[in-house]
Amino acid sequence: MKNRIRELRKSMKLSQEDVARRCKVTRQTINAIENNKYDPTLHLAFNLAAILNTTVDELFINEK
């Protein structure tokens, strides 16, 4: 599953640390999600979408 976290985060001039702090996770967690090495929980996915001013289905792209 691809995601647009890095793209949206950078467009908002947020660091991984900024996003992590707002989501109450580590910077390494945000990095792992951005690099498709970790799938976030549903709760975290909704938090990320809210912080990045988008929806979960706009943030995560299911590749078939």
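Reader: Hi! Quick one to begin: does Leu44 count as buried or exposed?
Author: Buried, because its relative accessibility is 7%. The cut-offs are under 20% relative accessible area for buried, over 50% for exposed, and partly exposed in between, with a 1.4 Å probe and protein chains only. Keep in mind that this is a predicted model, where local features need pLDDT of at least 70, side-chain atom pairs count only at pLDDT 80 or more, and totals for chains, interfaces and linings use all residues. Residues are numbered from 1 along each chain as its sequence is written, and side-chain values use heavy atoms, with hydrogens and water left out.

Reader: Thanks! Where is Leu44 found?
Author: In helix H4, residues 42–51. Helices here are DSSP runs of H or I with at least four residues, strands are runs of E with at least two, and both are numbered from the N terminus.

Reader: And what does Leu44 touch?
Author: Leaving out residues up to four places away in sequence, Leu44 touches Cys23, Val25, Thr29 and Ile33. A contact means heavy atoms within 4.5 Å.

Reader: Let's follow Thr29, then. Where is Thr29 found, and which residues does it touch?
Author: Thr29 sits in helix H3, residues 27–34. Beyond residues up to four places away in sequence, Thr29 touches Tyr38 and Leu44. There is also a polar contact of 2.9 Å between the side chains of Thr29 and Thr26. For that term, a pair of N or O atoms must lie within 3.5 Å; within protein, one must be able to donate a hydrogen and the other to accept it, and residues adjacent in sequence count only if both atoms are side-chain atoms.

Reader: Which residues of H3 are buried?
Author: Thr29, Ile30, Ala32, Ile33 and Glu34. Their cover includes strand S1 (2–3), H1, H2, H4 and strand S2 (60–61).

Reader: Nice. What about the largest nonpolar core: how many residues does it have?
Author: It has 16 residues, and Ile5, Leu48, Leu52, Leu59 and Phe60 have the most contacts inside it. Two or more residues each come from helix H1 (5–11), helix H2 (16–23), H3 and H4. H4 gives the largest share, 5 residues. A nonpolar core is a set of buried Ala, Val, Leu, Ile, Met, Phe, Trp, Tyr and Cys residues joined through side-chain atoms within 4.5 Å.

Reader: Pick Leu52 from that list. What does Leu52 touch?
Author: Ile5, Leu8, Arg9, Met12, Leu14 and Leu59, again without counting residues up to four places away in sequence.

Reader: Which residues line the largest cavity?
Author: Met1, Asn3, Ile33, Asn36, Tyr38, Asp39, Pro40 and Phe60. By type, the lining divides into 5 nonpolar, 2 polar and 1 charged. Here Ala, Val, Leu, Ile, Met, Phe, Trp, Tyr, Cys and Pro count as nonpolar, Asp, Glu, Lys and Arg as charged, and the others, Gly among them, as polar.

Reader: What is the phi of Asn36?
Author: Positive, about 55°, just after H3. Most residues other than glycine have a negative phi. Lys24 has a positive phi too, near 60°, and so does Asn53, at about 55°.

Reader: Where do Lys24 and Asn53 lie?
Author: Lys24 is in the loop between H2 and H3, and Asn53 is in the loop between H4 and H5. Lys24 counts as exposed because its relative accessibility is 77%; for Asn53, also exposed, the value is 64%.

Reader: Last one! Thr54: buried, partly exposed or exposed?
Author: Partly exposed, at 22% relative accessibility. Thr54 is found in the loop between H4 and helix H5 (56–59).

Note on methods:
On a 1 Å grid over the protein atoms alone, a cavity is a set of points where a 1.4 Å probe fits but cannot get out, and a pocket is an open set with protein on both sides within 12 Å along at least five of seven lines; lining residues have an atom within 4 Å of a point.
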